[in-house]
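Me: Hi! Could you walk me through how the domains in this one sit against each other?

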Amino acid sequence: MSSEVETGLPQARYSYGGDEYVFVELSEAMSLKVNFRAMAITNGLQEENIEGIMDICPSNASYMVRIDPEVLHPDDLISRLKELDEEVGDVHGFELETRVVDVPVMIEDPWTYETLMRFRDRHQDPNATDLEYSARINGYDTKEAFIEALLGSPWLVTMIGFVPGLPWCYQLVPPEEQIEVPKYVRPRTYTPERAFGFGGGFAVVYSVEGAGGYQLFGRAPAPVLDVKQRLKDFQDSIVFPRPGDIFNYRRIDREEYNRIEAEVEEGTFEYKKKEFVFHPDRSLEDPHAYNEEILGVLYGD
Amino acid sequence: MAIRVRQPGLLTTVQDTGRFGEYAIGMPPSGAMDVFSYQVGNYLVGNEEGAAGLEITYFGPELEFTEDAVIAVTGAEMPPKINGEEVATWETLRVAEGDVLSFDYLKSGARSYLAVAGGIDVPVFMHSRSTYTLIGLGGHEGRALKEGDELKVGEAPARASGQVGKKVDGAHIPEYSREVELRVIIGLASYRVTPESMEEFLSTEWTVTTDADRVGYRYRGGEIKFVEREQPAGAGADPANVVDFGYPIGSIQVPGGVEPIVLMNDAVTGGGYATIGTVISADRDRLAQSKTNDKTRFRQVDLEEALRARKERQRQMAEIRESLG
């Protein structure tokens, strides 16, 4: 327990996921710092090209490694992971080569509105929309003020999964400004593809149509998954988001939604994005000032 | 050489060992649910390991061969017939051009596997031929087979003809009971469950519900209580919720405390429900042969026992392979 006192970091839990996985929960609580740690450790592990590793999956406040236990014993991996954890420490000085991406979303679009009305009986507050409910429980006087907070600061992609391409995003704001909402009381059986949703402390874009329990706020006109790889952004991978990406969700109107949708249809759409070296230290120190700089890189010339 | 699908059966898909290395983008491995039966099928017809076959679920298809072929049917007891005459399972068979393979009703187990010498030749997508129906990729057009489909078969290995008539030793042929014991390693976020509930989880006889498919199996029969806590940042309000994390294949989660789910080959790769343990790899074959209303018990084992079971299964498969070589 002495290391906990020295670094102020919660003690990580190392666990076997059957005989083929090692699961490491760095912290029960989400924070930007813990996600930076998960990324730094898994990036470090990736670089070591250790034989017997089949999958390395960073997630929000944890990570998971799939192994062939005949080649790499889970205990040997855990020993190495503990060393990596110490090397990473509190991620001081850690740099992340990433991208800043403009992600257009239409808030209160007709498609998710129709969906959320259909499933009112599964919601905490059947008499309000998901947005009205979320604004209220987060202490915002108006829906507009809530939308402003939601779209006023960029987000870090902290995990990909559930289904291929779905990004979990955590906002780059101080802990006291983090928005938090519960998931539906009972999950919906339907969610439109590209719905912009929110659950726990995370914003997501549903990559495919399907069941879902997140509050529905809007819809993105551009995909995060393109199995046929028609669009330029998907030439190397069927999935667009990468852990560590910085997404700026930008509010658009119906007209722009239609225009982007048509570009996607024609195969000409490309996300506006810039290469960026992200310094977690700076984000943790003064997130709002750093966000200004990040958005300057994305939208400046 | 091709196979013409006259009737598709309930759910028949092209599967191989799976699509590994893509879990981090949310892509589950897919692949044969019962790896043992699938692999032994390949041994029987002389295929290389990893050749694609058909996974046949609950109710079999009717397939016409447009050329001579060497085949084997393994897995669930769903008696195969060639031109209406019952033929053996776990044995290498020859079929002639125009022959029709059909299946009788399921007697035990859940999934049969058809291996064809040369393998089912569908395009490789992200280093696998396995079908992942949720987003429609891999396999034959990313979906289960339909009436009228034609499947190409790869060139049969030279030794295929010599395999005809070979049989798997009866001692190696699994019997599928309607009561299954699955070994689990308790862990992951098991700290969320009270010790009494963990005991109950391990002593309850669970029943497979109607939600039992390639994504996962849901069970009913008991109730799990979570340790009370102030929910941490990002987790959401429900005590079954955690900060969304990765789900191993075989992992067990208990949404709402009443419905344990074991995730399988087409798993959702992550989410916000507390996971409490993982079914060991050696027992997933038997899980895949269980079905709605079957009884299941979960027995706790340690890593050493899991690794021993894994080795034993590999030793057995090597022995079968040798005996059929």
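Reply: Happy to! Domain bounds here come from an automatic or database domain assignment. For chain A that assignment gives domain 1 (2–90) and domain 2 (97–299). This is a predicted model, where local features need pLDDT of at least 70 and side-chain atom pairs count only at pLDDT 80 or more, while totals for chains, interfaces and linings use all residues. Residues are numbered from 1 along each chain as its sequence is written, chains are lettered from A and ligands numbered from 1 in the order in which they are written, and side-chain values use heavy atoms, with hydrogens and water left out.

Me: Got it. How many residues are in contact between the two domains of chain A?

Reply: 10 residues of domain 1 of chain A touch 15 residues of domain 2 of chain A, with contact meaning heavy atoms within 4.5 Å. The C-alpha centres of these two domains are 27 Å apart.

Me: And what area do domain 1 and domain 2 of chain A bury between them?

Reply: About 1000 Å², with 77% of it on carbon and sulfur atoms. Buried area is the accessible area (1.4 Å probe) that two parts lose on being put together, summed over both. On the domain 1 side, A:L32, A:F36 and A:N60 supply 52% of the area buried against domain 2 of chain A, more than any other three residues.

Me: OK, switching to chain B. Where are its domains?

Reply: Chain B splits into domain 1 (2–173) and domain 2 (179–313). Together they bury about 1700 Å², 48% of it on carbon and sulfur atoms. The residues of domain 1 of chain B that lose the most area to domain 2 of chain B are B:Y23, B:M33 and B:R111, together 37% of what that side buries.

Me: How many salt bridges between the domains of chain B?

Reply: The count is one. B:E55 also forms a salt bridge with B:R214, and their closest N and O atoms are 2.7 Å apart.

Me: Which strand gives the largest share of the domain 1 side in chain B?

Reply: Strand 10 of chain B, with five residues. Strands (E, at least two residues) are DSSP runs, numbered from the N terminus.

Technical notes. A salt bridge is a side-chain nitrogen of Lys or Arg within 4 Å of a carboxyl oxygen of Asp or Glu. Helices (H or I, at least four residues) and strands (E, at least two) are DSSP runs, numbered from the N terminus.
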